[in-house]
Amino acid sequence: MNVILKLMNAFLGLVGLLVGGLVLLSCGPSSRKGYRIEKGDVVLYTGWPANRAVIGEADAASFTAINDEYGKDKNHAFYLGKIIPNSDPITFTYLAGSYSKDKARGYSRDQVISTDGPHFTIVPNPNETATNVSAEGIAYARDSHQVYKDVMPINGADPATFVVVPMFNGYYLTHDSKRVYFQDRPMEGVDGATFRKVSDFNFNDKHGAWGLVLGQYTTWKPLEHVDLATFTGVGKYYSKDKQHVYFSNYAVKGADPVTFQETEYLQGKDKYRIYSSGYSATNQN
């Protein structure tokens, strides 16, 4: 019995040492991230285990960390330790995603993309909230002249009316008062002024309806013979009109639009059947 107790105590002691070691490691330099002031230097920790770099151009006495990537001192603004060219630290403001601005310019990371700082702002993503904006959730910015995706302008886009429309799995559509864009290129023959999102797989304009087709080359294809007057969403993934239920760019064979309802992820049912991704999965009893 004593031997068993000794073994148990030894085991518990080993577990305690391991846990303590993990706590010490998690508090050590390898877990650090972002800017620190250490012995009069501005230091940036990045990666895992953390890489430590002294930012020689930064003034430690006036340096302020904005977040883990951005900071500023009395002379410059910084992105990941690099000076943002021509930035004004007094008016420099981080916006969201990769975007920031000052009184004269707009920036993506450490590059100047706009010379219209007073009007430079992000394009909101409806999936984000004012208090919870993720870096990945903000793809676009604009000023009074252009819309930008990272460092590239979206040619022809109207900044005053440009809107982000999140669709299935982040395959964004955008539109303005004239055009609808997919992968930042205008879709031929689609009217931006009458764009209407119907489901995560479908939208329509005054001319017709389209469905998102997933595959090696994800694209949008027209839905045929849709009655636009009754075309509406059924839950998140399906849509219907007075005659058919739709999934992606095809009518769901045999589905009854009157009794159809979405049940869970990519699934639905009507009085006849259960469906999965737009296809009959089983007959209901």
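**Entry 1: Asn86**

I looked up Asn86 and found it exposed, at 58% relative accessibility. On this scale buried means under 20% relative accessible area, exposed means over 50%, and partly exposed is in between, with a 1.4 Å probe and protein chains only. Asn86 lies in the loop between β7 and β8 (93-96). Strands here are DSSP runs (E, at least two residues) and helices are runs of H or I of at least four, numbered from the N terminus. I noted that Asn86 has a positive phi of about 65° although it is not a glycine.

**Entry 2: what kind of model this is**

I am reading a predicted model, in which local features need pLDDT of at least 70 and side-chain atom pairs count only at pLDDT 80 or more, while totals for chains, interfaces and linings use all residues. Residues are numbered from 1 along each chain as its sequence is written, and side-chain values use heavy atoms, with hydrogens and water left out.

I checked pLDDT, the predictor's confidence in each residue, from 0 to 100. The chain has a mean pLDDT of 89, and 85% of its residues reach 70 or more. Over residues 17-27 the pLDDT is below 50, and this stretch has three contacts in the model beyond near neighbours in sequence. A contact means heavy atoms within 4.5 Å. Where pLDDT is low, the predicted coordinates should not be read in detail.

Leu266 sits in the loop between β28 (261-264) and β29 (267-269). At 12% relative accessibility, Leu266 counts as buried.

**Entry 3: the sheet β1-β2-β3**

I traced an open sheet of three strands, in the order β1-β2-β3, with antiparallel pairing. Its edge strands are β1 and β3, each of which pairs on one side only. From one strand to the next, the twist averages 30°. That angle rests on axes fitted as lines to C-alpha atoms (for helices over the stretch in contact), with angles from 0 to 180 degrees between N-to-C directions.

Two strands pair if DSSP finds at least two bridges between them. β1 and β2 (residues 41-46) pair in the antiparallel sense over five bridges. I looked up one partner: Tyr35 is bridged to Leu44 in β2. In general, strands of a sheet pair through backbone hydrogen bonds, either parallel or antiparallel.

I then followed the loop between β2 and β3, where Pro49 lies. The peptide bond from Trp48 to Pro49 is cis, with omega near -5°.

**Entry 4: salt bridges**

How many salt bridges does the structure hold? I found seven. The term covers a side-chain nitrogen of Lys or Arg within 4 Å of a carboxyl oxygen of Asp or Glu.

I looked at Glu38, which forms a salt bridge with Arg32, the closest N and O atoms being 2.7 Å apart. Glu38 is buried, with a relative accessible area of 16%, and Arg32 is partly exposed at 28%. Arg52 also forms a salt bridge with Glu38, with the closest N and O atoms 2.9 Å apart. Arg52 lies in strand β3 (residues 51-54) and Glu38 in strand β1 (residues 34-38), so this pair ties together parts that are 14 residues apart in sequence. Arg52 counts as partly exposed, at 43% relative accessibility. I recorded Arg32, Glu38 and Arg52 as linked in a network of salt bridges.

I also checked the pair of Lys82 and Asp110, with the closest N and O atoms 3.2 Å apart. Lys82 lies in strand β7 (residues 82-83) and Asp110 in the loop between β10 (106-108) and β11 (111-114), so the pair ties together parts that are 28 residues apart in sequence. Lys82 is partly exposed, at 44% relative accessibility.

Is Asp200 buried or exposed? I found Asp200 buried, at 8% relative accessibility. Asp200 is in the loop between β20 (196-197) and β21 (202-204). A polar contact of 3.1 Å joins its side chain to that of Lys197. Such a contact is a pair of N or O atoms within 3.5 Å; within protein, one must be able to donate a hydrogen and the other to accept it, and residues adjacent in sequence count only if both atoms are side-chain atoms. Not counting residues up to four places away in sequence, Asp200 touches residues including Pro166, Lys236 and Leu212.

Leu212 is buried, with a relative accessible area of 0%. Not counting residues up to four places away in sequence, Leu212 touches several residues, among them Phe168, Tyr171, Trp220 and Ser248. The C-alpha atoms of Leu212 and Pro222, ten residues apart along the chain, are separated by 9.0 Å.
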